[in-house]
Amino acid sequence: MESMDQGLRRALSLGREETIAEVVRSGLRDRDYENLSTGERMRCHAALCGDDKRIVCECADIEPGVEINRHLLATAAPAVVEGALIAAFATGSTRVVVHVSEDDEEGAAAVAAAAQQLAPVVAGAKCDPVQVEVVRAPFRRNMKGYEEVPTLLVTGETMAHVARILRIGAEKYRHVGTPQSPGGKLLQVSGSVERPGIYEVPLGTSLRTLLEEHAGGVKESPALKAVLVGGIKGACFTPGELDIALDFDTIRAAGGSIGSGAIAVLDEASCIVHEARQRIAISCYDLCATCSLGREGSYQLREIVADATRGKSKGSDVDMMRELGAGMKVGAACQFGRTAPNIVLSALDKFPDEWEAHMKRRLCRALVCDQYVTFHILPDLCDGCGECADVCPEDAIAGGKKKIHVIDQDECVKCGKCLEVCNGLRQAVVKAGPIKPRTPKRPVPVGSWRG
């Protein structure tokens with residue numbers, strides 16, 4: 001049975017060069033957006049001169065709704081810290097900084113406890129002491145390193161794999177996954193599946209296997225529209241592409257990235273343009289901001305996609321998005337900038353009709369984009385209770401006791417609160433697109449409406 005410090009003790013006995021060689025032989029690739037060779041990155045960091053080098057371990061979830069790092073620290077914080085200490089020893093780094101989510105108190109405590117337990121192992125070896133610091137905030141990327149000293153930035157999941165490699169050996173580690181993408185990957189499945197959750201599967205597992213055997217299958221109604229793989233910098237896959245292998249190179253060749261490990265299953269009630277808008281907006285806050293192409297390109301993409309959801313698109317916008325995206329993929333300074341346009345380009349390629357509906361016909365078939373949606377009160381179902389008017393923040397609903405209420409479309413801000421409250425009562429409020437129900441122009445007594 002593997003002990004918590006078995007990998008660290010083996011690394012200390014092997015020495016720095018052989019420890020790095022073991023990680024290289026394992027074929028481990030970073031569990032992030034770049035998926036570079038972890039061992040080769042450790043080797044490069046070890047070759048840097050200076051006594052003040054850092055390992056920054058990113059364990060903060062930066063994407064809304066994604067909790068993979070929180071899950072990792074709750075279940076395997078000792079492995080994360082052990083891997084980071086192994087990397088620090090092998091590269092001659094004297095400080096490990098672990099960044100956790102600001103609200104993840106349990107994760108921060110688990111990291112601190114693991115560091116305290118492992119400290120005697122390092123102290124008893126003939127090597128420089130390593131300080132472990134926990135910071136409750138996401139790491140802000142920059143090109144000069146943490147506190148402007150040589151820094152190896154890694155993810156907590158990558159470090160957990162380093163610990164496992166040193167425990168079981170590189171050869172045994174390679175038995176899982178594919179030759180070019182060894183090992184497993186934590187994936188968080190959300191959306192229209194029977195069992196949403198976080199699953200660890202061997203790299204190379206098909207998307208269909210993940211959804212059907214692990215997540216319980218896709219819900220039958222509404223029908224499946226798309227699967228977004230890789231979070232904010234991922235790609236769209238249609239129902240006919242579910243047999244694609246979830247490994248780094250296959251997903252990258254398809255125009256995406258496994259990235260954060262987020263897998264969103266979207267049904268026909270979802271809007272692809274709206275989903276792309278949300279993800280590119282989040283990407284804008286996760287860039288190093290060093291190069292203008294990555295920074296300004298992301299913001300410009302965000303605004304063009306936003307225009308598609310609010311009736312402001314221009315005829316050249318599709319060509320502009322493709323040109324911007326292609327330029328960012330080859331010219332941005334960092335991988336975050338190069339992968340930022342993935343979701344937009346993929347959505348354009350896979351769902352051109354949906355973009356055309358938004359940009360040319362001002363239509364959102366899923367009734368998600370507010371600009372293309374109106375709310376109405378069905379006169380045959382309204383009983384004049386007034387609950388909708390009570391929750392309206394703009395006083396846009398006119399009516400009275402036992403009167404059929406009417407929504408002033410000019411005053412309505414489309415917050416949907418009337419729909420929410422009426423859904424639990426008479427279900428008289430509906431959301432409509434270009435085809436709108438017939439309603440009275442002003443409140444009339446309940447039961448008097450004849451259409």
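Modeller: Helices are DSSP runs of H or I with at least four residues, strands are DSSP runs of E with at least two, and both are numbered from the N terminus. This is a predicted model, in which local features need pLDDT of at least 70 and side-chain atom pairs count only at pLDDT 80 or more, while totals for chains, interfaces and linings use all residues. Residues are numbered from 1 along each chain as its sequence is written, and side-chain values use heavy atoms, with hydrogens and water left out.

Colleague: How many helices and strands does the chain have?

Modeller: There are 17 helices and 15 strands. Along the principal axes, the box filled by the C-alpha atoms is roughly 90 × 45 × 40 Å.

Colleague: What share of the residues is buried?

Modeller: Of 451 residues, 52% are buried. That word stands for under 20% relative accessible area, against over 50% for exposed and in between for partly exposed (1.4 Å probe, protein chains only).

Colleague: And what share of the contacts joins residues 24 or more positions apart?

Modeller: Such pairs make up 72% of the contacts in the chain with a separation of 6 or more. A contact means heavy atoms within 4.5 Å.

Colleague: Let us turn to the backbone. Where is there a cis peptide bond?

Modeller: One joins serine 221 and proline 222, with omega at about -10 degrees. Proline 222 belongs to the loop between α8 (207-214) and β7 (224-229).

Colleague: Then which residue other than glycine has a positive phi of about 60 degrees?

Modeller: That is asparagine 35, in the loop between α2 (16-26) and α3 (38-47). Glutamine 427 also has a positive phi, near 55 degrees, without being a glycine. Its loop runs between α17 (417-423) and β14 (429-432).

Colleague: Is asparagine 35 buried or exposed?

Modeller: Asparagine 35 is classed as buried because its relative accessible area is 3%.

Colleague: A new topic: where does valine 66 sit?

Modeller: Valine 66 lies in the loop between β1 (54-59) and α4. It is counted as buried because its relative accessible area is 11%.

Colleague: Which residues does valine 66 touch?

Modeller: Once residues up to four places away in sequence are set aside, valine 66 touches Asp61, Gln188 and Ala262. Alanine 262 is 196 residues away from valine 66 along the chain, yet the C-alpha atoms of the two are separated by 6.7 Å.

Colleague: What about asparagine 69; which helix holds it?

Modeller: Asparagine 69 is part of helix α4. This residue is classed as buried too, because its relative accessible area is 14%.

Colleague: Which residues is asparagine 69 in contact with?

Modeller: Apart from neighbours within four places in sequence, its contacts are Glu58, Cys59, Ala60 and Asp61. Asp61 is also touched by valine 66.

Colleague: One last item: what separates the C-alpha atoms of asparagine 69 and valine 154?

Modeller: The separation is 13 Å, for two residues that lie 85 residues apart along the chain.
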